[in-house]
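Good morning, colleagues. I should like to take a few minutes to present one structure, with attention to a single helix and its surroundings.

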Amino acid sequence: MSAAPAAVLGSMLSDNVMVAAVAEAARLGLPVLEQLEKTSGLSGEVLATALATAFDYRFVAREDLQAADPAFDLLSAADAQRHGCVLVREDGRQIGRAHV
């Protein structure tokens, strides 16, 4: 992951950058994240960290998500698959939603 502080990463995804990426993705029929990677020049964990910072979310690294337990009592496996995400818990408390 980038050594840049989270605030710097978040500032790389200004409202203008995100609005432009969403509009261009709609125009081209591309997934928004794919276009946001192109527009921002960020990808992977760096892009995820920047998005978390921009929206004031907690970033959870892949290895932490893999160690977490799915919360299928809140969102069934079938619904998780349909929505492309899963709710997860760590130490019995919900920590977030992961897009898969």
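In helix H2, the buried residues are Met18, Ala21 and Ala25. Around the helix axis these residues span an arc of only 60°, which means that they lie on the same side of H2. As a general point, an α-helix has 3.6 residues a turn, so residues three or four places apart point the same way. The other side of H2 carries exposed residues, namely Asp15, Asn16, Val19, Ala26 and Arg27.

Please bear in mind that this is a predicted model.

What covers the buried residues of H2? The cover includes helix H3, residues 32-40, and helix H4. Within H4, which comprises residues 44-54, we find Leu51. Leaving aside residues up to four places away in sequence, Leu51 touches Leu13, Met18, Leu33 and Leu36. Met18 and Leu51 are 33 residues apart along the chain, and their C-alpha atoms are separated by 9.6 Å.

Let me turn to the length of H2. The helix has 14 residues, 15-28, and at 1.5 Å a residue it should span 20 Å; its end C-alpha atoms are 20 Å apart, so the two values agree. After H2 comes Gly29, with a positive phi near 70°.

Finally, the whole protein. It has six helices and three strands, and from the N terminus on the elements run α-α-α-α-α-β-α-β-β. Of its 100 residues, 29% count as buried. The protein exposes about 6600 Å², of which carbon and sulfur atoms supply 54%.

Terms used
Residues numbered from 1 in each chain as written. Predicted model: local features only at pLDDT ≥ 70, side-chain atom pairs only at ≥ 80, totals over all residues. Heavy atoms only, no water. Helix = DSSP H or I, 4+ residues; strand = E, 2+ residues; numbered from the N terminus. Contact = heavy atoms within 4.5 Å. Expected span 1.5 Å × (residues − 1). Buried < 20%, exposed > 50% of the residue type's maximum accessible area, 1.4 Å probe, protein only. Arc of directions from axis to C-beta. Areas by Shrake-Rupley, 256 points an atom, 1.4 Å probe, with all protein chains shown as cover.
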